[in-house]
Amino acid sequence: MRGKFITIEGTEGVGKTTNMAYVQQHLQAAGINVLLTREPGGTRIGEKIRELLLDARNNDLLEDTELLMMFAARAQHLQQVIEPALKGGQWVLCDRFTDATYAYQGGGRGIDTDRIAMLETWVQGALRPDLILLLDIPVKTGLTRASERSAPDRFEQEQQSFFERVREAYLNRANNDPQHYRIIDAAQALDVVQNQIARALQDILAL
Ligand code: T5A
């Protein structure tokens with residue numbers, strides 16, 4: 001049987017990376033073999049594209065180039081990693097996916113969502129995540145958490161207003177498709193966040 005595809009999304013410093021391991025443990029306890037990966041990245045080529053995208057010195061990168069690089073990395077990732085795993089019955093847990101493109105390049109940069117949708121169809125065909133865990137947090141809280149952890153990358157150098165638009169785009173998408181999204185209040189203490197995640201996973205485990 002084909003595996004399930006779960007993604008974790010949210011603005012900067014929301015706790016995606018921290019909670020990937022929790023989701024993995026929770027699924028493994030239910031007897032599910034899960035592959036952890038991330039975007040941009042997840043393949044040798046994709047990780048090289050990631051370096052270019054996150055390098056704070058690349059402040060001359062054009063918006064269209066950024067969008068196309070996200071999908072170039074995604075094409076590589078889908079064909080080399082995600083699709084083969086799902087076909088082989090493995091579940092895949094991905095730290096960010098195309099919702100991040102709608103939120104950052106669409107909401108944040110203002111690129112027309114029709115253009116993003118065109119690339120989504122080209123690169124992914126009909127593939128969409130079975131479940132999207134949207135970790136939501138006030139932008140300022142997330143940026144503070146992220147800044148305490150490491151130096152700002154190219155995205156983290158954006159203004160707070162950019163991330164407010166990103167957050168709004170994420171929440172709009174989630175509110176328009178409650179069947180596939182679960183909004184997690186990520187401003188809470190870690191154990192409270194993880195209880196919410198466990199509840200969100202119950203439905204997909206029951207399928
Ligand atoms: N991007 C990506 C696009 O623009 N378009 C796309 O299509 C894609 C795929 C990728 C960048 O690329 C952009 C978006 C991003 O800017 P990234 O590394 O994936 O970069 O994303 P970041 O948001 O930068 O990831 P971070 O690692 O900064 O944030 P996380 O993973 O959400 O947060 P995490 O887990 O590292 O936690 C941050 C800190 O908070 C603490 C942790 O211990 C850590 O110190 N923390 C908590 N503290 C208190 N309470 C809690 N509940 C906590 N949870 C975590």
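Which residue forms a salt bridge with D95, and how far apart are the closest N and O atoms? Before selecting the pair, note that this is a predicted model, in which local features need pLDDT of at least 70 and side-chain atom pairs count only at pLDDT 80 or more, while totals for chains, interfaces and linings use all residues. Residues are numbered from 1 along each chain as its sequence is written, and side-chain values use heavy atoms, with hydrogens and water left out.

Select D95 and K16: they form a salt bridge whose closest N and O atoms are 4.0 Å apart, the term denoting a side-chain nitrogen of Lys or Arg within 4 Å of a carboxyl oxygen of Asp or Glu. This pair links distant parts of the chain, since D95 belongs to strand β3 (residues 91-95) and K16 to helix α1, 79 residues apart; helices (H or I, at least four residues) and strands (E, at least two) are DSSP runs, numbered from the N terminus.

Next, select R96, which lies in the loop between β3 and α4 and has a positive phi of about 75° although it is not a glycine. An N or O atom in the side chain of R96 is 2.7 Å from an oxygen atom of the ligand.

Now display the ligand and the 27 residues around it, of which T17, T18, R96, T101 and R149 come nearest; a residue counts here if one of its heavy atoms lies within 4 Å of the molecule.

Colouring by residue class instead divides the shell into 11 nonpolar, 7 polar and 9 charged residues, where Ala, Val, Leu, Ile, Met, Phe, Trp, Tyr, Cys and Pro count as nonpolar, Asp, Glu, Lys and Arg as charged, and the others, Gly among them, as polar.

Finally, select E39 and P40, which are joined by a cis peptide bond with omega about -15°; P40 is found in the loop between β2 (34-38) and α2.

How values were computed:
Polar contact = N/O pair within 3.5 Å; in protein donor to acceptor, adjacent residues only side chain to side chain.
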